[in-house]
Amino acid sequence: MVIRIAAVGDVHLDEDVVGRFRPALEEVADYADVLLLAGDLTRHGTEAEARCVAREFGGLGVPVVTVLGNHEYQCDEVPQVVRVLEAAGITVLEGTGVVMDFPGGRLGVAGVKGFGGGFAGRCASDFGEPEMKAFVRTTAESADALEAALHSLDCDLLVALTHYAPVPDTLAGEPPEIYAFLGCYQLGQAIDSAPTALALHGHAHHGTERGTTPGGVRVRNVAHPVIKQAYSIFHLGDHLDQGEVSRKDSSGTKPAWN
């Protein structure tokens with residue numbers, strides 16, 4: 001029983017970039033049962049850019065599920081962006097989840113954008129100025145929403161999809177001074193609270209691909225600048241290494257296992 005997952009994040013589409021991924025995406029159904037997008041689909045979060053995303057990732061022959069990234073919030077057009085994506089058949093998650101039936105079993109995906117805050121020993125605290133308390137409250141609320149979504153899904157295999165990182169491992173390569181703005185430990189705690197098989201995120205363009213939560217859940221940074229491919233492919237199943245990965249480049253060549 002195997003479920004095949006394609007994933008990428010941080011594609012930052014606009015009219016100048018649209019079409020770059022489509023040749024490889026046209027073949028995604030040959031390699032994957034579902035495509036997960038880890039946010040930052042656009043450059044500035046405009047409705048026009050969302051239409052570029054819809055053209056690029058719509059009508060692929062597999063379900064497409066996404067979370068939004070911080071870039072989708074830049075122009076305060078989030079409702080319009082979501083409306084365009086959903087009209088193209090793309091499922092947008094924010095503190096919610098979806099269960100999909102495949103020949104390999106029932107896959108549950110719980111998603112949230114996430115937020116910053118930092119990691120153990122180097123994190124923001126709910127103390128002091130109201131602005132700092134509001135920052136940390138946003139972090140906690142996002143993690144709580146992810147935890148609730150993970151626990152709400154009745155499925156065989158469970159995946160957590162975020163934009164911000166749930167562990168510091170996959171941030172290696174980024175300046176340590178900005179770790180607190182790239183993710184938070186609370187997301188990792190939420191992931192560890194459920195029988196999560198895999199956690200996928202983006203956001204850290206100069207980060208590292210592989211990491212692990214304190215509870216042992218495999219974490220993968222699928223930001224396009226990191227994987228340098230149109231998407232990575234993950235095979236999940238009871239008898240497989242949950243971290244088994246292949247990659248698909250934009251030339252249409254067959255994925256090579258790494």
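This is a predicted model: local features need pLDDT of at least 70, side-chain atom pairs count only at pLDDT 80 or more; totals for chains, interfaces and linings use all residues.
Six strands make up an open sheet with mixed pairing, and their order reads β5-β6-β9-β10-β12-β11. Strands β5 (96-102) and β11 (210-212) sit at the edges, each pairing on one side only. From one strand to the next, the twist averages 25 degrees. Within this sheet, β10 (residues 198-201) runs parallel to its partner β12 (residues 218-221), and the pairing takes in 3 bridges. Here Leu200 stands opposite Arg220 of β12.

Next comes helix α5, which lies across three of these strands, namely β5, β6 (105-112) and β9 (157-162). Relative to β6, α5 runs at about 165 degrees.

Helix α5 also has a helical neighbour. Two packed helices are described by the angle between their axes and the distance between the axes. For α5 (residues 130-152) and α6 (residues 185-192), the angle is about 15 degrees and the axes are 8 Å apart. An angle under 35 degrees counts as roughly parallel, so α5 and α6 are roughly parallel to each other. Their crossing is right-handed.

As for the residues involved, α5 brings Thr139, Ser142, Ala143, Leu146, Glu147 and Leu150 to the contact, where they meet Gln186, Leu187, Ala190 and Ile191 of α6. Sorted by class, this contact has 6 nonpolar, 3 polar and 1 charged residues.

Key: Residues are numbered from 1 along each chain as its sequence is written. Side-chain values use heavy atoms; hydrogens and water are left out. Axes are lines fitted to C-alpha atoms, for helices over the stretch in contact, and angles run from 0 to 180 degrees between N-to-C directions. Helices (H or I, at least four residues) and strands (E, at least two) are DSSP runs, numbered from the N terminus. Angles under 35 degrees count as roughly parallel, over 145 as roughly antiparallel, 65 to 115 as roughly perpendicular and the rest as oblique. A crossing is left-handed if the near helix is turned anticlockwise from the far one by less than a right angle, and right-handed if clockwise. Contact means heavy atoms within 4.5 Å. Ala, Val, Leu, Ile, Met, Phe, Trp, Tyr, Cys and Pro count as nonpolar, Asp, Glu, Lys and Arg as charged, and the others, Gly among them, as polar. Two strands pair if DSSP finds at least two bridges between them.
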